Amino acid sequence: MENKVRIFDVKHYAVHDGPGIRTTFFLMGCPLRCLWCQNPESQKDETVITFTQMKCIGCGKCVEVCGKLDRNLQLLKASCEMCGKCVKTCFAQARQFGSTYYTPEDVLKIVKDERIFFDSSKGGVTFSGGECMLHIDFLTETVRLLKENGIRSAIDTCGAVPKSSFERILPYADLYLYDIKKIDPALHKEYTGMDNTLILENLKFLTQNDANIIIRIPLIPGYTDSKEDIDAIGRFVRDDLNNKIIRCELLPYNKLAASKYGNKTIWSDYTLGDYPLPEMEPQSKEYISELAEILKSYGIEVFSESL
Amino acid sequence: MTDRINALREMFFADEHKKFRVEDLHLSILEENEKRPFAIRKALAFDLALEKMPVFLLEGDLICGGKTLYKLPKYVTHEEIMWGNHNFEVGEYGMYSSMFDNAFNLGQDDRGFGLNDSSIPAYYKVVPMGIPALIADVEKRLAETDDCDKKTYYESVLISNKACLKAMKRYEDLCREQAAAAEGERKEELLTMAENMNVLQNGAPQTYWQAVQLMYFIQFLIWTEGGYLVPLGRVDITLYPFYKKDIENGTLTKEFALEILEAFFMKLNYEVDRTHGEDIRINSDTGQSITIGGCDPLTGEPTYNDITMMILDAKCDMKVTDPKVHLRVSSKTPREIWEKAAYLNSLGMGFPTYENDDVIIPAFMAHPEYTIEDARDYAASGCWEMTVQGKALNRNVGGVCALRSLEWAMNNGKFALGNPGSLPAMGLIGDRWGIPTGEPEWFDTYSKLFNAYKVQMKHYIDMVTSYVNRSMLSPSPFYSSMMEGPIENGRDFDDWGAIYNETDFQLGALSNAADSLYAIKKLVYEDKEYTLREFNDILLDNWEGHEDLRQRILNEFPKFGNNDSEVDKIANDILEYYVQEVTKHRNAAGQTYRARISSATGYVYAARILGASADGRKAKQFYADNLSPMMGADHNGPTAVVLSCGKLDVSKCAGGSVLDMKFHPSALSTQEGRDKFITLMQTYCQLGGEQAQINVLDNKVLLDAQKHPENYRDLIVRIWGFSTYFTQVAKHWQDHIIQRSTLSF
């Protein structure tokens with residue numbers, strides 16, 4: 001079987017996904033269902049066809065080739081076989097596949113020329129998602145191939161995958177951007193659909209094997225950003241991980257996530273539900289620096305864009 | 001920023017300086033002097049202007065001067081005006097496109113002779129020397145020469161420079177007058193300023209303050225004489241000896257040195273609303289560039305000093321457009337300078353522009369005229385073009401549009417949109433400006449089409465260069481006397497007295513032409529979906545009925561700027577041919593033409609008379625600016641843009657080639673972000689990039705500024721070659737900036 005995965009976005013000159021200049025690949029599929037998910041379109045690992053009203057020039061070619069589209073160009077999901085004829089005929093790119101298949105070689109081809117930037121800035125490739133670790137066959141092979149070609153890789157993960165996956169990637173990956181959302185297992189389950197035992201165990205496993213780890217904490221107002229939350233994470237890092245991490249990053253709340261939800265113009269064939277959280281404001285600079293102080297009191301290095 | 005500078009800045013935004021302006025005092029020197037040579041009459045007019053112009057000081061000013069009189073007294077005779085400059089008529093076509101599509105003068109005297117611009121005064125020589133010493137030198141030369149033309153020139157220089165001394169006296173008196181009415185510290189300050197003006201009338205500047213004062217005094221007098229786009233050169237090197245001496249003997253503090261510098265910078269801003277050319281006047285296109293960093297002309301070792309850093313600090317503080325700062329970098333540039341510069345970039349005003357010594361100096365040396373010492377002493381002229389400071393007359397008078405050549409190649413030499421006007425002086429007949437290279441059917445292979453393209457481009461370059469070579473300049477006794485060359489040679493600018501006489505030739509729409517040629521190659525010659533005739537007809541119809549094809553080309557075809565080897569190669573093919581042809585030509589002074597990649601204003605104005613192009617661009621729409629990929633065509637971020645541009649061989653473009661890059665503010669808001677940015681810039685330099693200018697913009701802010709300009713009076717953005725106040729430029733420029741920044745990384 002060909003080793004390929006669905007990738008829904010490639011971001012060049014990604015400056016927020018690890019050290020140096022990086023190119024980030026976003027893979028489809030995620031085991032968690034966080035209430036605040038920023039890439040809801042990537043939760044399910046399946047092919048979707050998206051339709052962007054703004055780009056449509058009204059040529060009607062998709063209606064011609066498909067036969068199942070109604071006058072409003074809406075497609076009944078049940079009857080769509082994802083044949084992609086409509087995508088192929090839509091030069092205006094109003095109809096697009098939500099993702100594209102990539103093999104490890106494709107990835108290498110894209111980033112090969114960028115090595116000059118990676119080398120001089122100590123950057124590399126980041127795999128994100130969705131949850132890239134779900135595709136461990138692809139990921140191991142790709143990261144190994146990149147390493148062979150002198151390119152470092154970072155794994156941006158939520159950690160909710162079997163320990164065996166981490167065992168496989170361990171020899172090849174250079175850095176883990178590891179999310180900790182909440183220490184309390186019950187609330188973790190309530191907010192993300194899964195309890196965090198496996199996540200924290202995997203993190204311990206990585207530190208025991210001397211992996212390079214940056215812990216990232218998404219600060220969702222009222223959900224994960226209380227001082228107690230941060231204090232619990234600090235204690236966990238000190239007591240269970242012996243502070244064997246590079247640093248913690250505090251990610252302030254990003255209001256833009258909400259705009260992807262319920263957006264029928266983009267996701268007409270695959271409408272996402274409404275954003276489950278109320279409208280909220282990002283944390284103030286002062287509050288973030290208070291949270292940073294808590295972590296620092298445990299001897300942890302802290303970084304935040306808004307500091 | 002001190003309270004004083006802040007107050008001066010507020011007064012600037014409140015237009016206080018404009019209250020002293022008089023447009024035209026309706027003076028004349030013609031009556032008694034009609035029979036005297038033109039240059040003498042111009043010098044006398046300058047003398048009278050300086051005698052009558054209003055002099056003023058704002059509360060808290062530390063530096064004297066400022067242009068107040070906008071028209072020189074009448075000195076051109078009726079006969080001369082009638083005789084005119086027939087080689088430089090500007091027809092209807094010229095109104096919109098002369099800036100780009102052919103030859104142009106940015107400013108003209110009453111006869112239509114070009115005024116001088118873009119040449120950097122030899123401040124490094126004149127400031128340490130002082131005006132009285134310059135006068136003595138010229139007097140000696142006048143006494144020694146028998147050459148009648150030289151005598152005339154020297155006399156005109158003497159009249160102009162003595163006028164300068166008289167203007168200094170007027171300012172000395174003004175300072176003393178105001179000092180009499182002032183009290184305390186301000187009184188002391190005004191007396192020192194009077195003393196400064198007194199010292200400068202009698203000799204060379206002794207202090208840092210006097211040196212800065214002299215530099216500004218010369219600067220505003222050049223503007224008063226009629227110069228415009230007046231760059232300042234390597235100010236950090238010029239001022240440093242004065243600064244060092246004063247700091248060492250304890251008469252100057254670093255803080256006050258910065259305040260004097262900022263007061264000087266504030267003054268430079270007075271002309272931002274009075275730039276060249278009525279119909280294309282754009283706020284802040286003043287050409288007042290300062291170049292910092294770089295290397296020592298003799299040794300080639302990196303040079304930077306306290307003033308280099310101070311200039312960067314002042315620009316971070318002040319948030320005004322002038323002066324524009326250019327940083328010369330190389331593989332040897334210290335980290336500290338990069339970091340300060342990146343911080344300045346993060347503030348979003350488009351400063352500094354980067355100039356890469358490692359490419360530019362060899363590019364100068366690719367021309368036969370330059371010595372290595374002079375090449376190492378280059379600095380930015382009007383926008384970001386490079387010229388040897390103090391020694392070169394720099395002219396930007398013509399260019400070709402890479403898309404126009406293609407339009408002609410596909411239409412047997414004709415305009416797609418019909419003849420936009422005629423210029424009889426160029427010997428052009430009917431609607432054919434190109435030469436007949438054949439009907440589309442003749443080109444059965446891509447290389448035949450490309451050959452026709454080259455022929456059109458060659459024809460275009462021949463036509464414009466010959467036209468430029470017949471254009472004439474106006475003498476500028478004061479401006480030229482501030483240079484090296486004219487005094488030694490006894491000849492003004494118009495008589496090619498400067499050591500170097502550079503004529504730069506520009507190429508626009510390079511990326512559009514590459515994208516278009518690729519699309520034609522693919523559709524017509526590889527996939528054979530259309531014949532060239534059919535495809536050209538679609539373009540002539542402006543894509544009418546073929547929107548799907550247009551979308552397909554826009555969205556699916558590879559474009560320059562995405563590290564696609566095939567398109568990048570086409571771009572380089574065009575560039576190589578262009579450089580080869582341009583550098584073959586010599587200008588009226590005998591120096592080789594210099595090639596440059598620049599759109600100047602062409603991407604808006606020349607584009608208005610340009611038909612649809614095969615890259616998906618509709619007729620009359622903008623094309624890409626400078627070296628940049630077409631707006632919206634750079635899908636793969638700045639790294640791919642840098643890789644694509646790195647493949648272009650600009651090593652012989654001594655005129656410069658600038659890449660416009662744009663970033664979202666969040667990309668540079670942290671130290672880490674700026675480190676990444678520095679690496680990107682260093683890699684661009686390492687790959688052979690020549691110059692880069694940086695916009696750091698948030699699209700939402702721009703849209704809001706369009707709606708509520710009153711809240712954004714100091715929002716500064718960079719357009720094709722300079723920084724300007726966003727709310728002060730015409731809507732079509734604003735729209736273009738917004739269109740670009742929507743796709744910011």
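User: What makes the sheet of chain B open, and in which order do the strands run?

Analyst: This is a predicted model. In chain B, 8 strands form the sheet, in the order E1-E2-E3-E10-E9-E8-E7-E6, with mixed pairing. The edge strands are E1 (289–293) and E6 (392–401) of chain B, and each pairs on one side only. Neighbouring strands of this sheet are turned by 25° against each other on average, direction ignored.

User: How do you know that strand E9 and strand E10 of chain B pair?

Analyst: Two strands pair if DSSP finds at least two bridges between them. Strand E9 (residues 656–663) and strand E10 (residues 691–696) of chain B have 6 bridges, so they count as paired, in the parallel sense. Within this pair, B:Leu659 stands opposite B:Ala692 of E10(B).

User: Why is helix H17 of chain B called largely enclosed?

Analyst: A residue is buried if 20 or more other C-beta atoms lie within 10 Å of its own. In helix H17 (residues 402–410) of chain B, 9 of the 9 residues are buried, so the helix is largely enclosed by the rest of the structure. Among them are B:Arg404, B:Glu407 and B:Trp408.

User: What covers the buried residues of H17(B)?

Analyst: The cover includes strands E6 and E7 (500–508) of chain B. It also includes helices H18 (446–469), H21 (510–526), H22 (532–540) and H24 (565–584) of chain B. H17(B) is followed by B:Asn412, whose phi is positive, near 55°.

User: Is B:Trp496 buried or exposed, and why?

Analyst: B:Trp496 has 20 C-beta neighbours inside 10 Å. The cut-off for buried is 20 or more, so B:Trp496 counts as buried. B:Trp496 lies in the loop between helix H20 (486–489) and E7 of chain B. Its phi is positive, about 55°, although B:Trp496 is not a glycine.

User: Is A:Asp210 buried or exposed, and why?

Analyst: A:Asp210 has 9 other C-beta atoms within 10 Å. Exposed means 12 or fewer, so A:Asp210 is exposed. A:Asp210 sits in the loop between helix H8 (197–208) and strand E9 (213–218) of chain A. A:Asp210 is not a glycine, yet has a positive phi of about 55°.

User: How do you know that the radius of gyration of chain B agrees with a compact globule?

Analyst: For 745 residues, a compact globule would have a radius of gyration near 27 Å. Chain B has 26 Å, so the value agrees. The C-alpha trace of chain B spans about 85 × 65 × 50 Å along its principal axes. Of its 745 residues, 57% count as buried. Chain B has 28 helices and 12 strands. Of its contacts with a separation of 6 or more, 79% come from residues 24 or more positions apart.

User: What does the globule rule give for chain A?

Analyst: With 307 residues, the rule gives a radius of gyration near 19 Å. Chain A has 21 Å, which agrees. The box around its C-alpha atoms is roughly 65 × 45 × 35 Å along the principal axes. Buried residues make up 39% of the 307 residues in chain A. Chain A has 10 helices and 11 strands.

User: What are the domains of chain A, and where do their bounds come from?

Analyst: The bounds come from an automatic or database domain assignment. For chain A, the assignment gives domain 1 (5–48 + 98–303) and domain 2 (49–97). The centres of domain 1 and domain 2 of chain A, taken over C-alpha atoms, are separated by 33 Å.

User: How many residues does each chain bring to the contact between chain A and chain B?

Analyst: Chain B supplies 23 residues and chain A supplies 18 residues. Helices H23 (547–556), H25 (637–646) and H26 (671–686) of chain B each supply at least two residues of the chain B side. The residues on that side divide into 6 nonpolar, 12 polar and 5 charged.

Notes
Residues are numbered from 1 along each chain as its sequence is written. Chains are lettered from A and ligands numbered from 1 in the order in which they are written. This is a predicted model: local features need pLDDT of at least 70, side-chain atom pairs count only at pLDDT 80 or more; totals for chains, interfaces and linings use all residues. Two residues are in contact if their C-beta atoms, placed from the backbone, lie within 7 Å. Helices (H or I, at least four residues) and strands (E, at least two) are DSSP runs, numbered from the N terminus. Ala, Val, Leu, Ile, Met, Phe, Trp, Tyr, Cys and Pro count as nonpolar, Asp, Glu, Lys and Arg as charged, and the others, Gly among them, as polar. Axes are lines fitted to C-alpha atoms, for helices over the stretch in contact, and angles run from 0 to 180 degrees between N-to-C directions. The radius of gyration is taken over C-alpha atoms; the globule rule is 2.2 Å times the number of residues to the power 0.38.
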